[in-house]
Amino acid sequence: MKRILVVLASLALVASLTACAKAPTEEINATKAAVDSAVAEGAQQYTPEDYKVVTDGLAAANAEIKVQEEKFFKNFDKAKQMLAKTKADAEALKGKVAQRKEELKQAAIATLAQATTALAEAKDLLAKAPKGKGSKADIEAMQTDLAGVEAMLPEVQPMIDGGDFVGANEKANAILARITAVTDEVKAAIEKKQ
Amino acid sequence: MAKIGPALRRLGAGPIIVALIFSLLPLAGCSEPPLPAEVDLAVKQDQDLWKVGVPRYAPREYDEYAAALRAGQELLISERSKFLWFQNYDPVAKLFSELIVHGEQVRTAALTAKARETTDLNLQIIKVSERLRILRDLADEIRDKKLSTRGMARAETLINEARGHVKNGDWTKARRTISEASLNLDGAVKATRQSMARFADSQQIAHWRTLVANAIQQSRRSGGYLIVVNKLDRELSLYKSGQLVKTYPAGMGINYLTDKLYSGDRATPEGQYKIIRKLPASKFYKALLINYPNEQDEREFALAKRQGKITKNARIGGLIEIHGGGTAGLTNGCVALDDRQMLELYNTVDIGTPVVIVGTLSANNTLCSTLDSLCNEY
């Protein structure tokens with residue numbers, strides 16, 4: 001009887017020591033994959049603050065695992081919770097990045113379309129402008145200006161195609177601003193003539 | 001209770017007590033004391049530093065800080081890994097406290113770098129914009145197509161783009177865009193300087209001066225009228241007996257600073273001419289037709305054709321006049337005056353009056369000095 005109790009107590013001891021002993025490898029890998037996926041989507045570039053949160057979350061979970069691995073009595077429950085949260089955050093972030101990219105892409109496409117339309121309108125306006133003695137020089141200068149800006153328009157689409165949506169938007173906006181300025185000059189020249 | 005003691009003793013209580021103690025130990029190990037407050041503060045500070053863009057604005061300083069933070073976290077892991085009774089968080093608290101101070105220093109360095117870089121980029125933008133403004137002003141004043149280059153429009157658009165990049169804090173793109181704008185402007189200035197080289201050529205200017213001086217001398221000798229057209233100054237001067245009578249503002253074509261070579265180049269010819277016909281009812285009020293092309297023009301035209309500078313089908317053109325219609329517009333190579341002044345000139349001069357057309361008489365003319373300043377100052 002005495003021996004049986006000793007064996008049972010020893011088994012209980014071993015069980016208590018080994019109950020939480022395995023590092024959550026599967027969860028680690030899954031979380032890391034989710035974070036990597038968000039990073040690959042462009043999290044660092046498009047949502048830097050959220051990127052920091054998930055990478056810090058992963059680092060904190062890894063630190064917790066490291067702590068537990070060093071402990072005599074291991075318990076990975078907290079690490080698992082942290083990993084689960086980070087994984088969920090990373091998965092949500094991937095979607096958020098994709099959405100942000102799409103927003104920026106659409107904004108760049110819209111600005112490019114606006115610039116293209118504005119250019120066509122400016123050219124049309126310039127063609128209709130009375131080329132009298134008083135405005136001919138101005139109109140020629142404006143035509144050169146427009147030609148210079150027009151040559152820049154084809155640079156925007158490759159930037160969009162290459163994923164540089166912010167850069168594409170800035171370029172398209174700058175082109176649009178210049179076209180608008182020329183259009184205003186054309187209108188002023190027409191008014192002056194009338 | 002008194003009966004349990006002997007019973008346990010009979011069963012061998014020693015191993016059971018030891019087993020129970022060991023079974024309870026993990027429970028004791030799970031209830032860690034709270035971490036020092038500095039740890040959480042440092043983690044939050046790091047996120048805040050990231051949020052305000054510290055890694056972008058002070059990358060070297062942030063890397064050092066991040067390395068120190070990692071070392072702190074290693075120390076924390078090491079302490080947390082110890083058996084509960086041996087844990088000592090005082091060094092951790094101290095280290096993280098120092099990290100918070102370090103983080104604030106990094107923040108200050110980043111904000112300083114950001115302000116410095118933004119100021120520097122804005123200054124660069126102002127410099128390029130100023131060069132562009134000077135060139136634009138020159139173009140507005142000169143109104144020659146060589147000064148109305150696409151490079152200027154491109155530079156202006158790039159400056160707008162660079163402003164956007166600075167606003168977004170994208171210094172790399174801002175620097176690249178400013179540099180591109182500057183290069184475009186350099187190209188525009190260089191191209192203009194090349195095409196306007198004649199106006200900085202002392203020999204050419206001396207030749208123009210001689211032409212005018214000789215014509216004035218001739219006018220003095222003959223007592224007759226002389227018309228001198230200074231293209232760069234856009235002025236027509238009337239002389240009588242070698243004395244300046246009056247100067248009128250003159251309008252010309254979009255390519256007026258070039259010496260006329262062929263029909264349709266919209267350039268104004270340079271050289272010695274004379275009035276060969278007076279047109280009282282011209283398309284442009286009244287007109288004085290000059291003898292373009294003269295022999296010199298014909299020689300130059302033939303040479304240009306031989307050298308392939310102009311097409312074989314090109315014609316030399318003609319019908320170059322001094323006419324009315326106003327100075328604001330563009331001619332196709334003629335010299336235009338306001339109608340009232342045209343009437344005055346028309347009524348003053350006769351057929352045969354010499355007309356000398358030159359590029360400029362000033363070695364330090366506006367065009368060259370401005371283009372020089374655009375090249376030398378920056």
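**View 1. Pro293(B) and its cis peptide bond.** Pro293(B) sits in the loop that links strand 5 (285–290) to helix 10 of chain B. The bond leading from Tyr292(B) into Pro293(B) is cis, with omega near -5°. A word on elements: helices (H or I, at least four residues) and strands (E, at least two) are DSSP runs, numbered from the N terminus. This is a predicted model, where local features need pLDDT of at least 70 and side-chain atom pairs count only at pLDDT 80 or more, while totals for chains, interfaces and linings use all residues. Residues are numbered from 1 along each chain as its sequence is written, chains are lettered from A and ligands numbered from 1 in the order in which they are written, and side-chain values use heavy atoms, with hydrogens and water left out.

**View 2. Helix 10 of chain B, end to end.** Asn294(B) caps the N-terminal end of this helix, with a side-chain oxygen 3.1 Å from the backbone nitrogen of Gln296(B). Such a polar contact is a pair of N or O atoms within 3.5 Å; within protein, one must be able to donate a hydrogen and the other to accept it, and residues adjacent in sequence count only if both atoms are side-chain atoms. Helix 10 of chain B has 12 residues (295–306), which at 1.5 Å a residue should span 16 Å, and its end C-alpha atoms agree at 17 Å apart. That expected span is 1.5 Å times one less than the number of residues. Just past the helix, Gly308(B) takes a positive phi of about 75°.

View 3. Asp297(B), Phe301(B) and Ala304(B) are the buried residues here. They cover an arc of only 65° around the axis, so they end up on the same side of helix 10 of chain B; the arc is that of the directions from the helix axis to the C-beta atoms. Buried means under 20% relative accessible area, exposed over 50%, and partly exposed in between (1.4 Å probe, protein chains only). The buried residues pack against strand 4 (271–282) of chain B, with contact meaning heavy atoms within 4.5 Å. Turned away from that side, the other face carries the exposed residues Glu295(B), Arg299(B) and Arg306(B).

**View 4. Two loop residues with positive phi.** Arg234(B), in the loop between strand 1 (225–230) and strand 2 (235–240) of chain B, has phi near 50° despite not being glycine. Leu319(B) also has a positive phi, near 55°, and belongs to the loop between helix 10 and strand 6 (321–323) of chain B. Arg234(B) is buried at 13% relative accessible area, whereas Leu319(B) is exposed at 64%.

**View 5. The open sheet of chain B.** Eight strands line up in the order 3-2-1-8-4-5-6-7, with mixed pairing. Strand 3 (243–249) and strand 7 (335–336) of chain B are at the edges, each with a single partner strand, so one side of each lacks a neighbour in the sheet. Strands 6 and 7 of chain B pair in the parallel sense over two bridges; pairing takes at least two DSSP bridges. His323(B) stands opposite Ala336(B) in strand 7 of chain B.

**View 6. Thr111(A) inside chain A.** Thr111(A) belongs to helix 5 (residues 77–128) of chain A and is buried, at 7% relative accessible area. Its side chain reaches the backbone oxygen of Ala107(A) at 2.7 Å. Leaving out residues up to four places away in sequence, Thr111(A) touches Asn169(A), Ala172(A), Asn173(A) and Leu176(A).
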